[in-house]
Each structure stands twice: as C-alpha cells, then as structure tokens.
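The stops below each begin with something to select.

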Amino acid sequence: MVPAKADPEAQAVYLKDTLNPRLAEARAGKRAVFFADAAHFVLAPFLGFLWSVTRVFIKAPAGRQRFNVLGALNAITHELITVTNDTYITAESFCALLKKLAALNLAMPITVFLDNARYQKCALVQAAAASLNIELCYLPAYSPNLNLIERVWKFVKKQCLYSQYYADFASFKAAIETCLGETSTTHRIALDSLLTLRFQLFAKAQFMPA
C-alpha cells in the first residue's frame, strides 16, 4: 500500500538531491549516515499464517502494554543504536539518542534521516543536534519507504510477534530486546540482504491500477 498523502515527485527529488549524495559520501567513508525512527511494540495478538487440517485455538496475550524503541541505523555498517522505555518517546528521548551517536566518536560528519514527528522537530532537538554537530535531514511527509530503519522494525515484528504468544510483558520485552541485540550477529546475514540502499518509489496512487 502507498500512503494516500505521499508525494512521489517530492520523494524522487529528495532521493536524488539530498539522500543519495550523503549516502555516496557514506560509502566513501566520508560521512556517517543514520536512519532514525521509533517503533512501539504492543503486547497484543499479531496474526501470522497457520495451515491445519483441524481447528486449532491459539492463546493470545492479554493487555496493551507498549515497549518503545527509538533507534538509529547506520546505513553502511547496519549498527543499531537504541533508546528504549515502557512509557513514551519524547524529545528528551531523541536527544539521548543523539548523544549516543555523538559518543561513538566516528571522526566524520554525522547525518540523521528522520521523519517529521513533532518531538523530533522541536527546538530542544534542533539545539541538541547543533551542539553535537549532527545534521538532521527530515524526509518528505509520508515517506516510510525512504526510511531504511522501517525494514528493521518489520523484521523484528516477523521474528518476535507474528503468531507468537507471550505470557507476560517481561517475556515479550525480553524477546524483542534479544532480537535487537542480535541484529549484528545471529540476524546479520538476513538483515544485510534486507537493508540494501535501494529505495522504492511509487507512481501517484490515483494512477495505479486497483
């Protein structure tokens, strides 16, 4: 599905003029490029696919507790830097993430691509980024297809949530934390094939066949 308010032409221009030039510098070892976003994992049923010749009843978790993960994904190395909590992602959370990126001491310019969430565009975040010498590049509105880290969240959901039962929030959170912690080890090969720097663009939705 394509977000109804997405502007394919704006995305194409942004990809050509803003995103690709910085990725070229990252490939050449002259810039560190990160893609940032927050995922809110809810303790709730996530259906997958099950084929059975007889009717099967599957337990579903109870409750609506959320495990929030704010992440920044290195476009080249696929290193994942995170800030997590069980409450809310705020501007302060994003500032904490920026400080973690600065603490990597990469000795090169840092660019972070992110969406237009209000807490990510506020004065506090802008000031923190400026003080840490981190460039913030805001993606066009409704452009999850240009945010590489969205593929990580999809992968985590597939690994940890679909057709899975967790008896309590602690085991639910532990499974997600384990998956995130294994992105550079157990899941590295799978993610390397998933996190290529090819971004899909779409034709205007009204011109696409149903």
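Colour the chain by secondary structure: there are 7 helices and 5 strands, where helices (H or I, at least four residues) and strands (E, at least two) are DSSP runs numbered from the N terminus. Along the sequence they follow the pattern α-β-β-β-α-β-α-α-β-α-α-α. This is a predicted model, in which local features need pLDDT of at least 70 and side-chain atom pairs count only at pLDDT 80 or more, while totals for chains, interfaces and linings use all residues. Residues are numbered from 1 along each chain as its sequence is written, and side-chain values use heavy atoms, with hydrogens and water left out.

Next, colour by accessibility. Of the 210 residues in the chain, 41% are buried; buried means under 20% relative accessible area, exposed over 50%, and partly exposed in between (1.4 Å probe, protein chains only). A contact means heavy atoms within 4.5 Å. Among contacts between residues at least 6 apart in sequence, 70% join residues at least 24 apart.

**The cores**

Select Phe35, Phe41, Phe172, Ile176 and Phe199. These have the most contacts inside the largest nonpolar core, which has 38 residues. A nonpolar core is a set of buried Ala, Val, Leu, Ile, Met, Phe, Trp, Tyr and Cys residues joined through side-chain atoms within 4.5 Å. At least two residues of this core come from each of α1 (8–27), β1 (32–42), β2 (66–74), α5 (149–160) and α6. A second, separate core has 24 residues, among them Ala36, Val125, Ile134 and Leu136. In soluble globular proteins, nonpolar side chains tend to be buried together.

**Phe199 and the rings**

Centre on Phe199. Neighbours within four places in sequence aside, Phe199 is in contact with Leu15, Leu19, Leu23, Phe35, Asn145, Leu146, Leu148 and Arg151. The charged end of Arg151 sits over the Phe199 ring, 5.5 Å from its centre. For this, NZ of Lys or CZ of Arg must be within 6 Å of the ring centre and within 35 degrees of the ring normal. Lys121 likewise lies over the face of Tyr138, at 4.9 Å from the ring centre.

Now show all aromatic side chains. Rings of Phe, Tyr and Trp (its six-membered ring) pair if their centres lie within 6.5 Å; planes under 30 degrees apart count as stacked, over 60 as edge-to-face and the rest as tilted. The count comes to 6 aromatic pairs. Tyr14 and Phe113 form an edge-to-face pair, 6.2 Å centre to centre with 80 degrees between the planes. Tyr14 lies in helix α1 and Phe113 in strand β4 (residues 110–114), so the pair ties together parts 99 residues apart in sequence. Both Tyr14 and Phe113 are buried. Ring pairs link Tyr14, Phe35, Phe113 and Phe199 into a cluster.

Move to Phe169 and Phe172. Their ring centres are 5.9 Å apart and their planes at 35 degrees, so this pair is tilted. Both residues lie in helix α6, 3 residues apart, about one turn of the helix.

**Helix α5**

Select α5. At 1.5 Å a residue, its 12 residues should span 16 Å, and the end C-alpha atoms are 17 Å apart, which agrees; the expected span is 1.5 Å times one less than the number of residues. Its buried residues are Ile149, Arg151, Val152, Trp153, Phe155, Val156 and Cys160. They pack against β1, β2, β3 (80–85), α6 and α7.

**Loop residues**

Which backbone oxygen does the side chain of Asn145 reach? Select Asn145, in the loop between β5 (134–138) and α5: its side chain reaches the backbone oxygen of Gln200 at 2.7 Å. A polar contact is a pair of N or O atoms within 3.5 Å; within protein, one must be able to donate a hydrogen and the other to accept it, and residues adjacent in sequence count only if both atoms are side-chain atoms. Asn145 counts as buried at 16% relative accessibility.

Thr183 is in the loop between α6 (169–181) and α7 (188–194). At 10% relative accessibility Thr183 counts as buried, and its side chain reaches the backbone oxygen of Leu180 at 3.1 Å. Leaving out residues up to four places away in sequence, Thr183 touches Leu80, Arg188 and Leu191.

End at Asn105, in the loop between α2 (91–102) and β4. Its phi is near 50 degrees, a positive value in a residue other than glycine. Asn105 is exposed, with a relative accessible area of 64%.
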